[in-house]
Amino acid sequence: MRSTRRTTLRTAAVVAGAATVLALPVGSAFADSPAVPGPPVGPPVEAPVAPARAFVTAVKLADGSVAKVHRVGRSHFEADIYAAGAKLDTLVSRGSAAAYGQSNGLHVVLQPNGTVTSWLDGAPKPDVRKHGKAESSVRVAMPDGRIAKLVDGPRGKRVVISMPNGNVLGVVDLKRPSTQNDGWTYGLVQDGKRVKFVVIDGKGGGNSWVYDFHGRLIEKYAVDAPGAARGSGSSSGRASADAAGLGFAVLPAHPAGGARS
């Protein structure tokens, strides 16, 4: 399922994993003076300072939106995408890898040298040279109204779950394959060499949607009654097993148009 907003950008971006808060015990106060001197205390260790972003240029994209390019470090550029004054997303290019994003017919490439190229479906594609293995991503609007960014690149596949305003809710990858939020489950499943992204509506009884990493909705399962599921798309039985692997019992579904038992 793709976003219906023209300005929603499917981007390539390197996204950090969801933070985990650790509860640490609070130590009690020290005594007035210890009997045995403790080891000498060294100088405080300062946390590393993140590199500053230096504005380079603003580029008007093919659909009228704007990419504001910043240099973050050597061979590290970031392009913030704006439409109607609102920041939609960020493309990140590090080292020799370009960043590629697409959304609703708009294609954008941030090259390792900081240049930005864009074009629309149906228009002649410009000469875009590839530098190393690019990281690409697709942004899709999920049935619950949240946004999933399906990222594929040198570090493997992952999905970033966020609110429409950009607030990140969680990240899943093959090492941490599932997460839940407000009754919905999001997960990655391995189907041979293929990786799929599954969205399950736990509040609605288990209806599920399956996407590939091009952002295409390839399978859908509707639960009509407890213990029964109806599916469409190829590999329906496999996807049902995948959904069950995420904690939901879904019976093998039948392809669209097929007889139900």
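This is a predicted model: local features need pLDDT of at least 70, side-chain atom pairs count only at pLDDT 80 or more; totals for chains, interfaces and linings use all residues.
The protein chain contains 1 helix and 17 strands. Of its 261 residues, 41% count as buried. The accessible surface comes to about 14800 Å², and carbon and sulfur atoms hold 56% of that area. Among contacts with a separation of 6 or more, 37% join residues 24 or more positions apart.

An open sheet is built from 7 strands with mixed pairing, in the order β7-β6-β5-β8-β9-β10-β11. Its edges are β7 and β11, each of which pairs on one side only. From one strand to the next, the twist averages 15°. Inside this order, β8 and β9 are antiparallel partners over 6 bridges.

The largest nonpolar core has 17 residues, and Ala148, Leu150, Val159, Phe197 and Val199 have the most contacts inside it. Two or more residues come from each of β8, β9, β10, β13, β14 and β15. The residue ranges of four of these strands are listed here.

| Strand giving two or more residues to the core | Residues |
|---|---|
| β10 | 156-162 |
| β13 | 184-191 |
| β14 | 194-201 |
| β15 | 207-211 |

Beyond its neighbours within four places in sequence, Phe197 is in contact with residues including Ala148, Leu150, Val159, Ile161, Leu188 and Trp209. Met142, Tyr186, Gly187, Val210 and Tyr211 are also among its contacts.

A second, separate core has 12 residues, including Ile81, Leu106, Val108 and Leu110. In soluble globular proteins, nonpolar side chains tend to be buried together.

Terms used:
Residues are numbered from 1 along each chain as its sequence is written. Side-chain values use heavy atoms; hydrogens and water are left out. Two strands pair if DSSP finds at least two bridges between them. Helices (H or I, at least four residues) and strands (E, at least two) are DSSP runs, numbered from the N terminus. Axes are lines fitted to C-alpha atoms, for helices over the stretch in contact, and angles run from 0 to 180 degrees between N-to-C directions. Buried means under 20% relative accessible area, exposed over 50%, partly exposed in between (1.4 Å probe, protein chains only). Contact means heavy atoms within 4.5 Å. Accessible areas come from the Shrake-Rupley method with a 1.4 Å probe; for residues, only the protein chains shown count as cover. A nonpolar core is a set of buried Ala, Val, Leu, Ile, Met, Phe, Trp, Tyr and Cys residues joined through side-chain atoms within 4.5 Å.
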